[in-house]
Amino acid sequence: MGRFIADNARWLAGGFLLTLFSSFGQTFFISLSNPGIREAYGLTHGEFGGLYMLATLGSAFTLPFLGRVIDRYRTTTVAAGTIAMLAVATVAMGLSASLPFLVLSLYLLRLFGQGMMTQTALTATGRWFAANRGRAVSLVTLGQQAGEASFPFLFVLVAGAIGWRQSWFTGTAALLFVALPAVWLLLRRDRIPLNDPVAKVRTVARDWTLSEVLRDPNFYLISAGVLAPPFVATTIFFHQVYLTELRGWPLTLFAAGFAVMSVANVTFTLFSGWLIDRLSAARVLPMFLLPLAAASLIAAFVTAPWAIFAFMALMGVSNGFSSTLSGAMWPELYGTKHLGAIRSVVVATMVFASAAGPGLTGYLIDAGVDYDLQLAAMSVYALVAAAGMWVVSRRIAGK
């Protein structure tokens, strides 16, 4: 592993930075401004969840059209443009003074943060690596885990000193003066996957077109399982303040749980990368949703403070597998020529799931539906999806 990292440091580091700075558009980071936003605009949990869902759905509908630019332009050009637009989104968030401006800010954050930053990083990595794609993807996605471990704590500190609005401007500075020049320098030269030892490269899938993929039943079955982690995790993170109020937990203790999740996430991201290179992504599919089902059950029924660290750790395990699979599975199944277009549809559905979670649960909270019951239902969904993944895995691996 050490030699692999040393030989490919520039591409791995560039992808790592893209996923790290995607944190500004991720729900776990945006939700830290939830109390300030609701107070500033007089919004209920459900109303803000609805606005967040609207903005996220808008980004999901846009991504399939925007995401395919990675198939037409150089990675460094797409990455630089994405970082610049994410910086614009952070400025807009800090300056927002009306509900339409707030929705526009959220839309830009979700589109260029959660959407295009990860889309660019994982599409490029899927193309650049063949023999060691699992390990490469696992190392690149560590950027998001690093963001989950550090950004919430830093935001709480900065927001406590200068306020939640001004804290978004520190994100702007980080994007323009750290992320943009570093990523440009690291990714200005593409890696050629044919440089990998031929003996190590698996049989390469033929290059499916997007229309062919959309006619493949397996695509929809896999997507149904892939949607579970963003739906469940986004819901819990978005309503973290509400959950801590229900349980009587300090918000700082919940924030500390992100570090535990990140440790588990990092560990199982690396492990799943090794496992995928050893077995294939298709064979790893059935196992990644089981920890998520257990995490949802603990969040629903355990009220002791230690539950934070238990369900965070289990979500970290599931997210570790999920993040690596999402980068390695699609090129393994459908090739790399049209990977940008294919992944843009996948990411759009994941963004849609992350939008539906906060919006739906926020509405149910306002309607008086027990939140513990909602969390238990998420566990059932994850278990059913895991059973479906087992069937799909056997079908694909048997080809």
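**Helices, rings and a loop residue in a predicted model**

At 26% relative accessibility, A304 counts as partly exposed (that is, between the buried class, under 20% relative accessible area, and the exposed class, over 50%, with a 1.4 Å probe and protein chains only). A304 sits in the loop between α17 (290-301) and α18 (306-334). Its C-alpha atom is separated by 8.7 Å from that of W249, although the two residues are 55 residues apart along the chain.

The model is predicted, so local features need pLDDT of at least 70 and side-chain atom pairs count only at pLDDT 80 or more, while totals for chains, interfaces and linings use all residues. Residues are numbered from 1 along each chain as its sequence is written, and side-chain values use heavy atoms, with hydrogens and water left out.

Next up is helix α10, residues 164-187 (helices are DSSP runs of H or I with at least four residues, strands are E runs of at least two, and both are numbered from the N terminus). With 24 residues at 1.5 Å a residue, α10 should span 34 Å, and its end C-alpha atoms are 33 Å apart, which agrees; the expected span is 1.5 Å times one less than the number of residues. There is still a bend of about 35° at L175, taken as the angle between axes fitted to the seven residues ending there and the seven starting there. L175 is also one of the buried residues of α10, along with others including W164, W168 and L187. Among the elements covering these buried residues are α2 (9-21), α6 (75-95) and α9 (142-162).

T27, in helix α3, is buried too, with a relative accessible area of 3%. Setting aside neighbours within four places in sequence, T27 touches Y52, R110, T234, F237 and F238 (contact means heavy atoms within 4.5 Å).

Then there are the rings. The structure holds 21 aromatic pairs (Phe, Tyr and Trp rings, the six-membered one for Trp, with centres within 6.5 Å; planes under 30 degrees apart are stacked, over 60 edge-to-face, the rest tilted). Y242 and Y371 make an edge-to-face pair, 5.6 Å centre to centre with 70° between the planes. Y242 belongs to helix α14 and Y371 to helix α20, so this pair ties together parts that are 129 residues apart in sequence. Y242 is buried at 17% relative accessible area, and Y371 is buried at 2%. Elsewhere, F21, F24, F29, F151, F155 and W168 form one aromatic cluster.
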